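The stops below proceed from the whole chain to single residues.

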Amino acid sequence: MTRLQGFALLAGLLMAGGASAADAVHYTAPGKAPVDLDTASLARTEVKAGAHGDAPTAWQGVDLIDVLRAQGAPVGKDLRGKALSDFVRITAADGYQVIFSLGELDPDFGGRKVVLVDKHEGKPLDAKDGPYRIVVPDDSRPARWIHSVTAIELVEASTAEHRKP
């Protein structure tokens with residue numbers, strides 16, 4: 001099965017309602033075989049956030065940086081050099097995508113709080129939003145609060161040589 005077929009199969013299952021809050025999100029990283037994430041072993045967190053002027057409410061899930069760390073992404077003291085140009089692309093079932101730089105997420109650099117949530121106010125996300133969504137409490141606009149997350153991908157953005165103007 002090709003990578004594209006795998007994405008299509010996973011997206012189809014999610015859109016058809018075949019997924020539950022316990023289902024995994026597809027994760028890819030350079031030089032590694034794709035995996036389905038299992039967030040059950042990661043520390044849970046809760047954030048209070050509101051979108052579009054709504055009062056803040058409680059969202060529960062796992063920190064995106066913990067997901068990346070668990071998959072071997074270069075974080076902490078390993079985030080240096082070319083890895084500082086790496087970014088994370090998150091894709092929804094409808095094809096919508098958002099990105100975060102790895103440095104923006106790392107606590108030693110930007111420390112941006114980004115949470116892969118599976119619950120809102122203690123209840124599993126509904127079929128329209130779930131089984132997972134991204135919540136970014138500090139973003140002024142919720143455009144990166146991507147719902148129906150199907151894939152998380154670590155992307156190397158560095159070039160082989162520096163280009164002079």
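What percentage of the 165 residues of the chain count as buried? The share is 42%, where buried denotes under 20% relative accessible area, exposed over 50%, and partly exposed in between (1.4 Å probe, protein chains only). This is a predicted model, in which local features need pLDDT of at least 70 and side-chain atom pairs count only at pLDDT 80 or more, while totals for chains, interfaces and linings use all residues. Residues are numbered from 1 along each chain as its sequence is written, and side-chain values use heavy atoms, with hydrogens and water left out.

**Whole chain.** Display the chain as a cartoon, coloured by secondary structure. The chain contains 3 helices and 10 strands; helices (H or I, at least four residues) and strands (E, at least two) are DSSP runs, numbered from the N terminus. Their sequence order reads α-β-β-β-β-α-β-β-α-β-β-β-β. With a surface shown, the accessible area amounts to about 9,200 Å², by the Shrake-Rupley method with a 1.4 Å probe, only the protein chains shown counting as cover for residues. Carbon and sulfur atoms hold 53% of that surface. Among contacts (heavy atoms within 4.5 Å) with a separation of 6 or more, 58% join residues 24 or more positions apart.

Next, select the open sheet of 5 strands, whose order is 2-1-10-5-6 with mixed pairing; two strands pair if DSSP finds at least two bridges between them. Its edges are strand 2 (35-36) and strand 6 (97-101), each pairing on one side only.

Beyond its neighbours within four places in sequence, isoleucine 152 contacts residues including Val25, Tyr27, Leu37, Val88 and Leu116.

**A loop position.** Finally, centre on glycine 111, in the loop between helix 3 (102-105) and strand 7 (115-120). Is this glycine 111 buried or partly exposed? Glycine 111 counts as partly exposed because its relative accessibility is 39%. A C-alpha to C-alpha distance drawn to isoleucine 65 reads 9.0 Å, across 46 residues of sequence.
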